[in-house]
Amino acid sequence: MMKQRLASSSPMQFFPLQTSQIMLLVILATLPAMLVATWFFGYGVILNVLFATLVGVLCEATISRIRGRSVRATLADNSCLVTAVLFGMTIPPGTSWWLIVMGMVFAIALVKHAYGGLGQNTFNPAMAGYLFLLLAYPLDMTSWHLPAAAMNFNSASSPLGWQGFLQSLGCLFPFLPLLGDSLTVDGLAMATPLIESKLAAGNAIKAALEEGTGLFARSSETGWELINFAWLLGGLFLLVTRLISWHIPLSMIASTLIMSLLYYSPSAVAVLGTPYLHLFGSATMMGAFFIATDPVSAATGSRAKIAYGIIIGVSLYSIRVWGSYLDAVAIAVLFGNFCAPLLDRLLAPRKYGHPGLFSKLLGDITTGKSSP
């Protein structure tokens, strides 16, 4: 079997899997979070992922044909599927179809192919598409529409949640006349519990255990915390299979935790939140293991990866607490993408027998020479 060479610091690393197989394993690692999210928020999560995948494949095929490239070869790497899954998981369930189309076209056509396609894009396509929608349509992107029947998967009147599926499908495609009578959205949930942290939200899992409420009972409001643990489980799978290294997830999580501990104050918890909530109350685990570790847009050297993760973690906390966007993973990761090329240059591994970049710059300054 031909081995794929992965971009890393020298010496180069070889992995006995093709790019398409790696992408499928990443999608497999997202399944725990997808299933937990579907349980708590209904079929809208899966419908978002499926429709985003359809739009992404069509867009990728169209752009490849326009660029004169083989459509089959372009689609065969499965990178578009990973972008669609991650993008679909970040979009609120109940989102209308046109928002998903706009976000995926922006991600695939502008962020990915405008820079040259897979391996050439500077920014993470899924997060760029999400941020584009967040800035352009903030109300739609921070309102989670939950149809009433979407929560009843096993009721006598709606076996396997068929009524909830129809309502979720009606939210996605409101123009379908067949779904007009079933579309009765009566719930509205905010994007993440970090918004509720302004009202001093607590540890829902701990509260559920103390009160004897089931962890998977929707009334316990443990959904986002359990989803983060599911992302953590999928991330550990990626680490064990060596699809990602520990440098970025650990440095990002550690820096977010340190920042939340440094500024934590029981009297200001409604404003600053708790360290636990910063890790498990939003999309931190998804960002640390599945978004920031994108091998194309992330830093590559070991030291650069650690600095890259720290920048994202510090930015994540800063934007949440002192900025205007409480769910700031996309903004923090894109800022890290912006810094990645500079980090790779400044923190590149020193060649044996050659001075490092900082030593060379210092020597040039002391001798009066100018570096090329």
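Which residues in α11 are buried?

1. Basis. This is a predicted model, in which local features need pLDDT of at least 70 and side-chain atom pairs count only at pLDDT 80 or more, while totals for chains, interfaces and linings use all residues. Residues are numbered from 1 along each chain as its sequence is written, and side-chain values use heavy atoms, with hydrogens and water left out.

2. Overall layout. The protein chain has 18 helices and four strands; both are DSSP runs numbered from the N terminus (helices: H or I, at least four residues; strands: E, at least two). Of its 372 residues, 51% count as buried, where buried means under 20% relative accessible area, exposed over 50% and partly exposed in between (1.4 Å probe, protein chains only). Among contacts with a separation of 6 or more, 71% join residues 24 or more positions apart; contact means heavy atoms within 4.5 Å.

3. Helices α2 and α5. Helix α2 (residues 44–66) packs against helix α5 (residues 97–112) at an angle of about 40 degrees, and their axes are 9 Å apart. Axes are lines fitted to C-alpha atoms, for helices over the stretch in contact, and angles run from 0 to 180 degrees between N-to-C directions. The angle makes α2 oblique to α5; under 35 degrees counts as roughly parallel, over 145 as roughly antiparallel, 65 to 115 as roughly perpendicular and the rest as oblique. The crossing of α2 and α5 is right-handed, a term used if the near helix is turned clockwise from the far one by less than a right angle, with left-handed for anticlockwise. On the α2 side the contact includes Asn48, Phe51 and Glu60, and on the α5 side it includes Trp97, Met104 and Lys112. By class, the residues of this contact are twelve nonpolar, two polar and two charged. Here Ala, Val, Leu, Ile, Met, Phe, Trp, Tyr, Cys and Pro count as nonpolar, Asp, Glu, Lys and Arg as charged, and the others, Gly among them, as polar.

4. The axes of α4 (residues 79–90) and α6 (residues 125–136) come within 8 Å and cross at roughly 35 degrees. Thr83, Leu86, Phe87 and Thr90 of α4 meet residues of α6 including Pro125, Tyr130 and Leu133. Alanine 107, in helix α5, is buried at 0% relative accessibility. Beyond its neighbours within four places in sequence, alanine 107 is in contact with Thr83, Lys112, Pro125, Ala126 and Gly129.

5. Helix α11. The buried residues of α11 are Gly223, Trp224, Glu225, Leu226, Ile227, Asn228, Ala230, Trp231, Gly234, Gly235 and Leu238. This helix (residues 223–240) has 18 residues and reaches 26 Å from first C-alpha to last, close to the 26 Å expected at 1.5 Å a residue. The expected span is 1.5 Å times one less than the number of residues.

6. Positive phi. Most residues other than glycine have a negative phi. Asparagine 78 has a positive phi of about 65 degrees although it is not a glycine. Asparagine 78 lies in the loop between α3 (71–76) and α4, is buried at 14% relative accessibility, and touches Ser20, Met23 and Leu24, not counting residues up to four places away in sequence. Arginine 242 also has a positive phi, of about 60 degrees. Arginine 242 is found in the loop between α11 and α12 (247–262) and, at 66% relative accessibility, counts as exposed.
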